[in-house]
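Please look through the structure below with the following explanation beside it. The text starts with how terms are used and then moves from the whole chain to single elements.

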Amino acid sequence: MTNIGTYSYKSFLIHLCFFTFVVEIKPVSLMHIIIADNQEIFCEGLKFLLSKSGKHQITVSPEFLLLETQLKSGTFDMLIIDFEHCWGVTASTLATFSVLSPATKIIILTNNETDEAIITCLESNIDGYILKSCSKTEFNETIEGVMQGKKMYCQPVLKVLCNQYINIKPKKNDPEQLS
């Protein structure tokens, strides 16, 4: 009985060690992100922030033609772009990016919070729009949410959406809505 018990225990340990080893060498699926911006310091900072999680493979695209070629390869899960600082990128260019690489999620990361810019970008079917002034937590939540198939927008963008599409008007006697 002792030998059978010892054998079972050893067998259990061997299986446990094997299972642990298999789990540890399992390849991690990295999210391939391309950052498109011609501001080198900004790109490096964003690359550093994204690389801290260890879940992202980051590429920086400092030139428009290079970006176009990279998107055609279809190997990117996400494009993070500031259309203001990127070679005159417009809403039609964003729509072209969606055609070049339909599986690539597009997030606008910008300082531009004008109604016109926000509405134009959202009409281009982007997946996220956040401001550069957002917190690291908000930025990371946006990345994760977009990769889960959600549309993610920061508070100022949501405010524009509400004003534009829901057309909320304050009641005349409601002091909270008048302030």
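A residue counts as buried under 20% relative accessible area, as exposed over 50%, and as partly exposed in between, with a 1.4 Å probe and protein chains only. The model is predicted: local features need pLDDT of at least 70 and side-chain atom pairs count only at pLDDT 80 or more, whereas totals for chains, interfaces and linings use all residues. Residues are numbered from 1 along each chain as its sequence is written, and side-chain values use heavy atoms, with hydrogens and water left out.

Asparagine 125 lies in the loop between helix 5 (115-122) and strand 5 (128-131). Its phi is positive, near 65°, although the residue is not a glycine.

Read from the N terminus, the order of elements is α-β-α-β-α-β-α-β-α-β-α-β-α-α. Of the 179 residues, 32% are buried. When contacts (heavy atoms within 4.5 Å) between residues at least 6 apart in sequence are considered, 66% join residues at least 24 apart. The accessible surface, computed by the Shrake-Rupley method with a 1.4 Å probe, is about 11400 Å², and 58% of that belongs to carbon and sulfur atoms.

Strand 1 (residues 31-36) has 5 of its 6 residues buried, so the strand is largely enclosed by the rest of the structure. Strands pair if DSSP finds at least two bridges between them. Strand 1 runs parallel to strand 2 (residues 56-61), joined by 6 bridges, and isoleucine 35 stands opposite valine 60. Strand 1 also pairs in the parallel sense with strand 3 (residues 78-81), over 4 bridges; here isoleucine 34 is opposite leucine 79.

Helix 2 (residues 40-51) forms a right-handed β-α-β unit with strand 1 and strand 2. Right-handed means that, with the strands pointing away from the viewer, the path from the first strand over the helix to the second runs clockwise.

In helix 3 (residues 64-72), Leu67, Gln70 and Leu71 are buried. Seen down the helix axis, the buried residues of helix 3 fall within an arc of 95°, so they line one face; the arc is taken from the directions from the axis to the C-beta atoms. Leu65, Thr69 and Lys72 are exposed on the other side of helix 3. Glycine 74, with a positive phi near 70°, follows the helix.

Conventions. Helix = DSSP H or I, 4+ residues; strand = E, 2+ residues; numbered from the N terminus.
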